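Q: I am new to this structure. Please pick one part and take me through it closely. Then place it beside a few other features.

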Amino acid sequence: MEKQILQSFVLLHIVLGVIVGFISRWWMLRGDIRQYPTLPNGYLINLTTGFIAASIGAVAYPALLAKNYVAVTFLTVAIQQFRDIRKMEKETLESLETENYAPRGKSYIDGIAKTFEARNYIVMISSFVTTISAFIVRSFIKNNFLIIPISLLIGFIVLFFLKNYTKGHTLRDILTITEAPLEFKDGSNLYVGNMYVMNVGLSATQTRILKNGIGIIMKPIGENEKVMLNHSGQRKAIVHECSRLLGVERYIETRRNFDNGNLALVIVPMIKDITRLKEIIYDIPILEMTKKTNDKKKRDD
């Protein structure tokens, strides 16, 4: 028994860690399809990298117990690999920008790439904690029927905490949306409510905008929220998500009111649904770059 490289209970603890890690990657993949490809290849890539991250997290502690310090090197290599994946994701999204009617923008792409990398770390930490918990519980209780549920429970609690900690906020937390009528003044100036948006000269286009267009006004709830909503990266993210999920028949444009910080949006979508448009905007994440800008402004004040 002493000559065995891997004892049965060690193998069991590693498997528990891998299970928690793989399920966590699957859960996060299903929980946020907005930022990831929905085609089978996208799912396969994410689940495969998640399985590798779970395996590394699960074997790290048993390797250290066996005084196999090469495991530390594996962790370092894994971190570098995850950063390369983040870089690859960023380059892929940037290369697709020309294909989009409304580009995501560099700030939004950076946020997506960071999320892609961070979720691999969540998987690895969840697996690591699950395996350690199994070893700790075993030092007090030798019964596998108690070790398995307790270590799984601890692993999923850590997963739940990390997922919520990294979830971030959405525009729902910083603004309100009201529908506003579309109107042409002085012949060709398009207004959303009382806010000028753009000039449209062709009468046929004006007719289409009035018939199929939607106008809304986004109102930030405070002074700091005005700064966040004014960030060009955040505005590009809004335009991109609206055009991607509703389709664009003709125009999509925004215009900011310099006096009160309100943001007007006009869109002529393929799917005219004002309720769905509001929900899309409310669910758009607040970009990390705008948070940094806002935090710096608070410190300077």
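A: Start with a rule for strands: two of them pair if DSSP finds at least two bridges between them. Strands (E, at least two residues) and helices (H or I, at least four residues) are DSSP runs, numbered from the N terminus. The model is predicted, with local features needing pLDDT of at least 70 and side-chain atom pairs pLDDT 80 or more, while totals for chains, interfaces and linings use all residues. Residues are numbered from 1 along each chain as its sequence is written, and side-chain values use heavy atoms, leaving out hydrogens and water.

The part to look at is an open sheet. Four strands make it up, in the order β1-β5-β7-β6. Their pairing is antiparallel. β1 (175–179) and β6 (248–256) stand at the edges. Each has a single partner strand, so one side of each has no neighbour in the sheet. On average, neighbouring strands here are turned by 20° against each other, direction ignored. For such angles, axes are lines fitted to C-alpha atoms, for helices over the stretch in contact; angles between N-to-C directions run from 0 to 180 degrees.

β6 runs antiparallel to β7 (residues 263–269), and six bridges join the two.

Contact here means heavy atoms within 4.5 Å. α7 lies across β1, β5 (214–220), β6 and β7, and runs at about 135° to β5. Helix α8 (residues 232–246) lies across β5, β6 and β7, at about 160° to β6.

Stay with α7, which covers residues 223–230. Glu225, Met228 and Leu229 are buried in this helix. They share one side of α7 because they cover an arc of only 95° around the axis. That arc is taken from the directions from the helix axis to the C-beta atoms. Buried means under 20% relative accessible area, exposed over 50%, and partly exposed in between (1.4 Å probe, protein chains only).

The term means a side-chain nitrogen of Lys or Arg within 4 Å of a carboxyl oxygen of Asp or Glu. Glu223 and Lys226 meet this way, at 3.2 Å from N to O. They are three residues apart, about one helical turn. An α-helix has 3.6 residues a turn, so residues three or four places apart point the same way. Glu223 is exposed, at 56% relative accessibility. Lys226 is partly exposed, at 24%.

The whole structure has nine salt bridges. Another lies in helix α4 (residues 106–140), where Asp110 and Lys114 sit four residues apart. Their side chains meet at 3.3 Å, N to O. Asp110 is buried, with 15% relative accessibility. Lys114 is partly exposed at 22%. Lys114 also forms a salt bridge with Glu288, with the closest N and O atoms 3.3 Å apart. Glu288 lies in helix α10 (residues 288–300) and Lys114 in α4, so this pair ties together parts 174 residues apart in sequence. Glu288 is partly exposed, at 39%. Lys90, Asp110, Lys114 and Glu288 are linked in a network of salt bridges.

Last, the record. An unreviewed UniProt entry annotates "transmembrane region" at residues 9–28, 43–64, 121–140 and 146–162. Its positions follow the numbering used here, feature names are shortened, and annotations may be inferred rather than shown by experiment. In the model, residues 9–28 are 100% helix, with end C-alpha atoms 29 Å apart. Residues 146–162 are 100% helix too, and their end C-alpha atoms lie 25 Å apart.
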